[in-house]
Amino acid sequence: MEGVDFYIHGYQELEVFGATVRITTSHVCLAIVMIALIIFAIVANRRIKKADYKKAPSGFLNVLELLIETLDKLVYDNMGRVLAPKFCNYIGAIFMLILTCNLSGLFGLRPPTADYGITLPLALITFVMIQYQGIKWQKMGKLKGLFEPIFLFFPVNVISEFATPISLSLRLFANILSGTMMMALIYGLLPTVAVLIWPAALHAYLDVFAGALQAYVFAMLTMVFIANAAEVEN
């Protein structure tokens, strides 16, 4: 469609073990997001180390404290006191990564999560954790559960297990991609004057609200699936 840019571009081709790999917009934007998160982590770490524990936190440290307390409470409420300490860091990292990727559209980037090559690996990591925790805590009960309530349900249960990463990745990918395409159509088809005024409300919904919601849903489902697989009594 003439005049519409969906922000999908190839920048460089590399030869890796005989295969041609193309550096695309998604790779560049993901690298920018990762650099931003690393800088944020370094700054936060230094501010915490320099903080005076005798004084009440203020400003940036207040934001960090609120973020960490909210995250800890969310993980403990959904995973319990046994699993929560093991997964607070992972849930926090994946939530911050997905949220930052989703919000990157506000700064003129193409959200990396609008690429299925980004969302599928994230879902596969969660899938591996689900299976590992299930085997770790249930042992043979995990395998036995595939044959319940009767043996004939084995194929259905197996499909259900492998449907988890597909549904996780597609939900995130489809929601962010649709928002990216809508904004591209608006910027490409509307007159310049209209673009300066009207899209602000759509950015608020498609980038901020939908982006934050999808990051929350992905993190929430990750916690619920892992806790259900482990079936640990708290």
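I began inside the fold, where helix 5 and helix 7 each give at least two residues to the lining of the second largest cavity. This is a predicted model: local features need pLDDT of at least 70, side-chain atom pairs count only at pLDDT 80 or more, and totals for chains, interfaces and linings use all residues. Residues are numbered from 1 along each chain as its sequence is written, and side-chain values use heavy atoms, with hydrogens and water left out.

**Entry 1: the chain**

I looked up the elements of the protein chain and found 7 helices and 2 strands. Helices (H or I, at least four residues) and strands (E, at least two) are DSSP runs, numbered from the N terminus. I then read the order from the N terminus: β-β-α-α-α-α-α-α-α. Strand 1 covers residues 10-16, and Val-16 lies in it. I noted that Val-16 is partly exposed, with a relative accessible area of 36%. Buried residues (under 20% relative accessible area; exposed is over 50%, partly exposed in between; 1.4 Å probe, protein chains only) make up 33% of the 234 residues in the chain.

**Entry 2: the second largest cavity**

I went back to the cavity I started with. On a 1 Å grid over the protein atoms alone, a cavity is a set of points where a 1.4 Å probe fits but cannot get out; a pocket is an open set with protein on both sides within 12 Å along at least five of seven lines; lining residues have an atom within 4 Å of a point. The second largest cavity holds about 30 Å³ of space. I listed its lining: Leu-168, Arg-171, Leu-172, Gln-214, Val-217, Phe-218 and Leu-221. Helix 7 gives the most to this lining, with 4 residues. I sorted the lining by class and got 5 nonpolar, 1 polar and 1 charged. Ala, Val, Leu, Ile, Met, Phe, Trp, Tyr, Cys and Pro count as nonpolar, Asp, Glu, Lys and Arg as charged, and the others, Gly among them, as polar.

**Entry 3: the largest cavity**

How many cavities of 30 Å³ or more are there? I count 2. The largest cavity has about 40 Å³ of space. Grid points are joined across faces, edges and corners, and a volume is the space filled by probe spheres set on the points. Asn-102, Pro-111, Ile-176, Gly-179, Thr-180, Leu-206 and Asp-207 form the lining of the largest cavity. Helix 5 and helix 7 each supply at least two residues here too. Which helix gives the largest share of this lining? Helix 5 does, with 3 residues. I class the lining as 3 nonpolar, 3 polar and 1 charged.

I stopped at Gly-179, which sits in helix 5. Gly-179 is buried, with a relative accessible area of 5%. I also checked Gly-179 against Ala-114: they are 65 residues apart in sequence and 8.8 Å apart in space, C-alpha to C-alpha.

**Entry 4: the largest pocket**

I turned to the open spaces. The largest pocket has about 700 Å³ of space. I find 23 residues lining it, and Leu-67, Leu-71, Gly-92, Ala-93 and Met-96 lie nearest its centre. At least two lining residues come from each of helix 1 (25-50), helix 2 (60-103) and helix 7 (199-230). Helix 2 has the largest share, 15 residues. Is the lining mostly nonpolar or polar? I note 19 nonpolar residues, 3 polar and 1 charged.

**Entry 5: the second largest pocket**

Next I took the second largest pocket, with a volume of about 330 Å³. It is lined by 18 residues, and those nearest its centre are Gln-138, Lys-142, Glu-161, Asn-228 and Ala-229. I traced the elements that give two or more residues to this lining: helix 3 (116-138), helix 4 (140-145), helix 5 (154-189) and helix 7. The classes here are 5 nonpolar, 8 polar and 5 charged.

**Entry 6: the salt bridge**

Last, I searched for salt bridges (a side-chain nitrogen of Lys or Arg within 4 Å of a carboxyl oxygen of Asp or Glu). The structure holds 1. Which side chains meet in it? I find Asp-77 and Lys-73, at 2.9 Å, N to O. Asp-77 and Lys-73 lie about one helical turn apart, because they are 4 residues apart in helix 2. Both Asp-77 and Lys-73 are exposed.
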